[in-house]
Amino acid sequence: MLDKVKELIGEVAAFNAKTKEDIETFRIKFLSKKGLLNDLFTEFKNVAPAERKEFGQALNTLKNAAQDKVNLFKDALENTTEQKGSYGDLTRPSEPIELGSRHPISIVRNKIIDVFSRIGFTVSEGPEIEDDWHNFTALNLPAYHPARDMQDTFFIETNPDILLRTHTSSVQVRYMENHKPPIRTISPGRVFRNEDISARSHCIFHQVEGLYIDTDVSFADLKQTLLYFTKEMFGKSKIRLRPSYFPFTEPSAEVDIYWGLETETDYKITKGTGWLEIMGCGMVDPNVLKNASIDPDVYTGYAFGMGIERIAMLLYQIPDIRMFYENDVRFLEQFKSVI
Ligand code: DAH
């Protein structure tokens, strides 16, 4: 009897299953109700008492080995069939791929560039860390000029000549120093002002500067260009130019667009007037041309400057400027754009 059990242990050890049927046949042979193990356990009572211990142990070994084999091959075969046989539903739609989104500041900047490049403006850039000359003096803002206070400036402590540019008008000067008229360029970039941070203003923001210099450039050209811009950018075709003051332009104006008074938000953002200020502009002051070695008797030009955040807030109805810099994905992922 014992020999028979040992022989069966050997058979179990050598068993190898290739299919699920092989395992089932093996299971029925050894482990089912009518299987060999049940028979052997029934015969246990006929075994001589002296041999019972050894026989019982051998029987248990056989039973465990058979059960282990069944489990082993079942697992193995189930896994391989899944890998080899089942591809799932090939017609199922694939996982949606999340498209990235652009920052609203980039979208608006790119739109502005697009609108102006269609009428021949190039894009130029300048440094964010500027010197006094390019940010102030060359723009007709000599030292101690009261208008310097219009723009609270971050200076480099050890060198009052070096500062973080307060506007992109500094790029005008650099561009004129390096290019001869005719000049048509816009300069988008980051600017810095020592201001308290609130829902409406920030110490870092973005501007786009525009500059057009040629012979016979007039205020009418400026107005027409701005009208074209507001139509393309906002789909609004009514603007007005309010007399204003900037040291670098003469005459100077502030540009308002007629936004309308259709919704409650329109009332709120236009303070009930329907008009919205969107930028500053003017004819380049002859002193500024002179400072960049351009002869004001031959050339005239216009310039304008606008804040990108302000335009983005209007276009997307963003209530708080701080949202642009918090990098909250829930905010950012709303801006899908092709531009
Ligand atoms: N530099 C002005 C500012 O930051 C904006 C500006 C106004 C730019 C009039 C211009 C201009 O070129 O002509 O407030």
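## Around F229

Set aside the neighbours of F229 within four places in sequence. F229 then has contacts (heavy atoms within 4.5 Å) with I112, V115, F116, F234, M279, M306 and I311.

This is a predicted model: local features need pLDDT of at least 70, side-chain atom pairs count only at pLDDT 80 or more, and totals for chains, interfaces and linings use all residues. Residues are numbered from 1 along each chain as its sequence is written, and side-chain values use heavy atoms, leaving out hydrogens and water.

## Two nonpolar cores

A nonpolar core is a set of buried Ala, Val, Leu, Ile, Met, Phe, Trp, Tyr and Cys residues joined through side-chain atoms within 4.5 Å. Buried means under 20% relative accessible area, exposed over 50%, and partly exposed in between (1.4 Å probe, protein chains only).

The largest core has 41 residues. I112, F229, F304 and M306 have the most contacts inside it. Elements giving two or more residues to this core include α5, α8 (219-234) and β10 (300-307). Helices (H or I, at least four residues) and strands (E, at least two) are DSSP runs, numbered from the N terminus.

Another core, of 20 residues, lies apart from the largest one. Among its members are F136, A147, F246 and A292.

D114 sits in helix α5 (residues 104-117). D114 is partly exposed, at 30% relative accessible area. Its C-alpha atom is 28 Å from that of A292, 178 residues apart along the chain.

Helix α7 (residues 169-178) is mostly covered, with seven of its 10 residues buried. Among them are V171, V173 and Y175.

## Cysteines

The whole structure has zero disulfides (pairs of cysteine sulfur atoms within 2.5 Å). C203 is buried, at 16% relative accessible area. C281 is also buried, at 2%.
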